[in-house]
There are 2 protein chains.
Amino acid sequence: LIRRTREAHLLESSASLLSWDQETMMPPRGVEHRSRQLALLARLAHQAATDPVIGELLAVCESDRELTADPLSIPAVSVREIRRHYDRATRLPAALVEELAQVTSLARQEWAEARQASDFARFRPWLERVVTLKRRAAECYGWGAQGEPWDALAEGFEPGCTARGVAEVFTPLRPRLAELAARIAAKAGADRPLTVIVPPEQQMALVRFVAERIGFDFTRGRLDLSTHPFCGGTHGHDVRITTRFHESNIFDGLLSVMHESGHAIYEQGLPGSEDEELIGTPMDAAVSLAIHESQSRLWENQVGRSRAFWTWCQPQLRSLAPAAAGLGVEQVYRAVNLVKPDFIRVEADEATYNLHIMVRFELERALVSGDLAVADLPGAWNARYKEYLGLTVPDDARGCLQDIHWSLGSIGYFPTYTLGNLYAAQFFEKARSDMPDLDAQIEEGQFGGLRAWLRRHVHAQGKRYRAAELCQVVTGRALSPEPLLRHLEGKFLPLYDL
Amino acid sequence: LIRRTREAHLLESSASLLSWDQETMMPPRGVEHRSRQLALLARLAHQAATDPVIGELLAVCESDRELTADPLSIPAVSVREIRRHYDRATRLPAALVEELAQVTSLARQEWAEARQASDFARFRPWLERVVTLKRRAAECYGWGAQGEPWDALAEGFEPGCTARGVAEVFTPLRPRLAELAARIAAKAGADRPLTVIVPPEQQMALVRFVAERIGFDFTRGRLDLSTHPFCGGTHGHDVRITTRFHESNIFDGLLSVMHESGHAIYEQGLPGSEDEELIGTPMDAAVSLAIHESQSRLWENQVGRSRAFWTWCQPQLRSLAPAAAGLGVEQVYRAVNLVKPDFIRVEADEATYNLHIMVRFELERALVSGDLAVADLPGAWNARYKEYLGLTVPDDARGCLQDIHWSLGSIGYFPTYTLGNLYAAQFFEKARSDMPDLDAQIEEGQFGGLRAWLRRHVHAQGKRYRAAELCQVVTGRALSPEPLLRHLEGKFLPLYDL
């Protein structure tokens, strides 16, 4: 069973390398052949993962009581997760898989053009087709007795996640975040971002230095340039992160590299890095998208946007980015924590970011349940932006057409961003209580303690626990909105004299 | 049939990209997983290419007289070449394929250590096993009535090539080359290579400029660094060449890039670049290794080591490599044509290179036929170096252990290098007679005429002709030693005042 699982992983990781190459290295004219290579590898990986032999082998393993006696043992976890993956992969009829691939491929193009023209009417019939197909997919997957169709879709990104569970955390969080954002916005007024011109080669030297310092292992990874930053590669011994630089905003590139390094350090800390036999098995894979995101956000926000970090990092600018050497620690700390409610999620600051996610979660949940018609999406979107962020959305390009996700059929994905922020805050709070001198360590540029803590409690666990269980095991509590609120209020109230 | 052929090609080209990445980009610790990915892709590609369905489809196509009526039509050529590939791939028993893979993998390591220690006795048992297995492979493949086992092995690199045919060209060439080399060596005496220190970044700018100028299309390719230069990639729209730089020898890097660009321009000029439907089919593939090598050697030697080329290129050094700007055209021309008989093939000059190949061809032919025992290889090697090159081989590291090829089982490969030189000379002579102002064009840095000639006569033909037929069709004559001798004598006799 493991041998066959590894084979599917070898194909997936080959495809992953080809995708990385496409974004970073491939000459422009290579794109058509590359898409054919990727389609074939995806088909072969799907075949390998859904081979009926896997079902037979799973049944044999599951009936072996000794093998699965301890549900947290490596064999039991492996069998449980391979079963989960096999069932999901075999539950969709081939015709639906194919139709989804075709429709989302076209919908993605239509979305890009509709966004360009800020023309929702153009995208509407495509989103309707996507939602209809995804609802059919949800019916094939099925959902829990107390659940709803959205759960079946979210399960693909966040095992065990339900709309009800998300709402339980988001509902109390939302008004408090909205109030915090409004108070800051009233005060921040005309604050402007810092402009310091630093050439890309210097930024690259700086971000490589910081990435290595926080723990990205360059003997097992690379850092390159791409249009959109991402973390890819093939497995823990070969992790590829990317970034891009804005000549006038050195902090954007640095924080994006800390974010991707957080993903990479997770990958490099999975159990396969200690035991090669585990590579390609569930024990060598991340828990979920939200837990992955918790690792990137923790290094980006809890560390990279802290005063302690800049107390250490600012003096490094003297040699690495001389043009920024004259900035004071407080000036930089303010600059990386500038709050300004705006329309675009990917440009949002830490205080308002989660409000963007809540809008999307509520709307996609209603779209899939049928409570909201696609035609009514722009109105519902704009009403929520007004209510939660106090903003009047000027057009659909800056409104409900801004994200690619739904066009790709990625419904159930958005909440993992905010869940990631919540887990990050809860993990970091616990790490700090376990290591009371954590901030002092960071001020000294010592990140090994935090990294070792994360590795032991999160990375080395592989897929042993579901996200909610992991949170309980690591922090002693269920996921709660409080740590994130404490983190945000603890930072922004003094920063803005509130 | 074509759809299935393309599928095997998609897998092979994915593996090719992963290999390129391994040599240029992969972090060091990624090597173990990469070898597993490559092994799986090789197995899947082999499965795809030997699927019995291909045999059935081939039989149907072959029985369709209309389809193959014109033997030079695209369908007929495709069927012929797919048949050739299918028969070779299916003729080896799986057990022999596996044993060859295992033995050569170990032999390669033993060879590396034996060479390091200059200890032939250590490599001997491994080479014996390789030769025994390759002889068995040759028996599985079979050979012509007038032929011998070596032919069956060479067929994998050079379709239609026979030992007898190679000997017919090499035998008259050898004494004349040996005499030329000896006369030059007596005269050249203490000539030393030029030493000019040019930093790698400047060399990179220079070689990119020259590669683009001679016709390497960077929208369909890349140039990167690797330990050993090579030309890889996935197909004509994505060709990856590599090089390495010696800080004190600017010409080495430049000529290596011209060599690899020659391979790349061939790949970029194959019929698939005009008709995407042909990608992955035999019409979009090179004729043979020798014809591929003719394209690289032509740009490296006929162009890159000519006075005409340096008349154009030397002035470019002023801005691109200021440290070399003071050199005169004649000084550079002499430097890139320095002749010095020596032990190492890969460092050999144009005048002596082919003598190295002849030694290897004669010895591997005798090893496979059984006329030479592996134990007697060092003695036979050293005797020939004495006779052909006038050299006393000091040790086996600089003797019969210097090349990796035989450890990999690549028997029948070496002659393609010299055949490449012969085809290059014969093609170039014909191009010059078709374009009497060719040298003047090159002096002006105009390479489009030569490139278009090669494209029309060689690249655009795909696998339509076998190498020997192509030579006849393009030059009006069978392959002959005379053009290469005229090229070498025409250059070296005046250069060394002989």
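**Notebook: the A–B interface and selected salt bridges**

I looked up the contact first (heavy atoms within 4.5 Å): 39 residues from chain B and 39 residues from chain A take part. I note that this is a predicted model, in which local features need pLDDT of at least 70 and side-chain atom pairs count only at pLDDT 80 or more, while totals for chains, interfaces and linings use all residues. Residues are numbered from 1 along each chain as its sequence is written, chains are lettered from A and ligands numbered from 1 in the order in which they are written, and side-chain values use heavy atoms, with hydrogens and water left out.

**Entry 1: the interface**

I recorded a buried area of about 3100 Å² between chain B and chain A, with 59% of it on carbon and sulfur atoms; the term is the accessible area (1.4 Å probe) that two parts lose on being put together, summed over both.

I then looked up the salt bridges (a side-chain nitrogen of Lys or Arg within 4 Å of a carboxyl oxygen of Asp or Glu) and found six between chain B and chain A. Asp21(B) and Arg240(A) form a salt bridge through their side chains, at 2.7 Å from N to O.

On chain B, the side that touches chain A draws at least two residues from each of H1 (2–24), H2 (31–50), S1 (221–225), S2 (231–235) and S3 (238–243); helices (H or I, at least four residues) and strands (E, at least two) are DSSP runs, numbered from the N terminus. H1(B) gives the largest share, eleven residues.

**Entry 2: symmetry**

I superposed the copies by least squares on the C-alpha atoms of residues with pLDDT of at least 70 in both. A rotation of 180° with 0.1 Å of shift along its axis places chain B on chain A, with an RMSD of 0.0 Å. That is the relation of a two-fold axis. Because 100% of the interface residues of chain B are also interface residues in chain A, the copies meet through the same surface.

**Entry 3: salt bridges within chain A**

A search of the whole structure gave me 76 salt bridges over all chains. Arg455(A) and Glu274(A) pair at 3.1 Å, N to O. Arg455(A) lies in helix H18 and Glu274(A) in the loop between H10 and H11 of chain A, so the pair ties together parts that are 181 residues apart in sequence. For accessibility (buried under 20% relative accessible area, exposed over 50%, partly exposed in between; 1.4 Å probe, protein chains only), I noted Arg455(A) as partly exposed at 29% and Glu274(A) as exposed at 66%.
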